[in-house]
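Let's take a friendly walk through a protein model together. Have a look at the fold first, and then read on.

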Amino acid sequence: MSLSAAACQGSGSSSSDDKPSSSPSPSSASTAASSPAASPSTGEKDQVKQKILKAYEGYWTEQVKAYSEGTTKGTKLEGYASGAALVQAQEGVAQVTKDGYRYRGKPRHDASVTEVTPARNGRLAMATIRDCLDISRWHSVNRKTGKVSPLPKGQPEQFIVTVTVEDWGEKGEAGWVVLKDEPSAREC
């Protein structure tokens with residue numbers, strides 16, 4: 001299976017080689033929370049968004065581990081994903097392994113929470129994340145030859161992914177759980 005096929009199946013990581021770009025910088029987060037102009041509700045919204053992005057980062061971290069090892073066993077992926085997102089990751093890892101590949105490196109991303117719907121009427125809180133996933137530093141490597149598989153012609157190295165998460169509280173590894181991970185062909 002090619003790198004783009006795995007990436008389009010929602011396999012990636014939120015961490016970069018240096019520092020996760022999805023997490024707000026400590027200075028911007030503390031400025032927003034301590035700014036006299038910021039109302040408590042704004043500070044609370046920022047904290048919720050930070051929790052969502054932290055859970056999303058964990059989801060990607062566990063996928064990178066699974067694609068690197070060739071199995072989801074021994075990962076915490078089930079604590080970060082459920083439903084279509086979990087099945088997509090499990091099937092993607094199984095296919096890559098069956099095809100004789102492993103992934104090396106880490107993808108980078110630039111994620112932001114675009115919408116948060118509070119819990120109401122018996123429904124759990126939900127959120128949408130928009131991510132610019134960069135797979136240029138995450139490579140599919142043939143286990144036997146050690147050769148890196150090139151991306152298929154026309155496959156962008158950076159593309160938009162839309163993610164749906166739900167607040168599971170203590171049931172999820174980080175509270176929020178990824179339900180859908182939908183890569184697009186749109187470059188970012």
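What follows describes the chain as a whole, then its sheet, then its aromatic rings.

This is a predicted model, in which local features need pLDDT of at least 70, side-chain atom pairs count only at pLDDT 80 or more, and totals for chains, interfaces and linings use all residues. Residues are numbered from 1 along each chain as its sequence is written, and side-chain values use heavy atoms, with hydrogens and water left out.

**The whole chain**

The protein chain has five helices and six strands; here helices (H or I, at least four residues) and strands (E, at least two) are DSSP runs, numbered from the N terminus. Reading from the N terminus, the order of elements is α-α-α-α-α-β-β-β-β-β-β. Of its 188 residues, 41% count as buried, where buried means under 20% relative accessible area, with a 1.4 Å probe and protein chains only.

**The sheet**

Four strands make an open sheet with antiparallel pairing, in the order S2-S3-S5-S6. Its edge strands are S2 (108-117) and S6, each of which pairs on one side only. Two strands count as paired if DSSP finds at least two bridges between them. In general, strands of a sheet pair through backbone hydrogen bonds, either parallel or antiparallel. The table lists the pairings.

| Strands | Sense | Bridges |
|---|---|---|
| S2 and S3 | antiparallel | nine bridges |
| S3 and S5 | antiparallel | nine bridges |
| S5 and S6 | antiparallel | eight bridges |

Strand S5 covers residues 158-167, and seven of its ten residues are buried, so S5 is largely enclosed by the rest of the structure.

**The aromatic rings**

How many aromatic pairs does the structure hold? There are six aromatic pairs. Rings of Phe, Tyr and Trp (its six-membered ring) pair if their centres lie within 6.5 Å; planes under 30 degrees apart count as stacked, over 60 as edge-to-face and the rest as tilted. The ring centres of Tyr56 and Tyr59 are 6.2 Å apart with planes at 25°, so this pair is stacked. Both residues lie in helix H3 (residues 40-69), three residues apart, about one turn of the helix. Tyr56 and Tyr59 are both buried. For Tyr67 and Tyr103, the centres are 5.3 Å apart and the planes at 85°, so that pair is edge-to-face. This pair links distant parts of the chain, with Tyr67 in helix H3 and Tyr103 in strand S1 (residues 101-105), 36 residues apart. Tyr67 is buried, with a relative accessible area of 1%, and Tyr103 is also buried, at 1%.

Conventions:
Buried means under 20% relative accessible area, exposed over 50%, partly exposed in between (1.4 Å probe, protein chains only).
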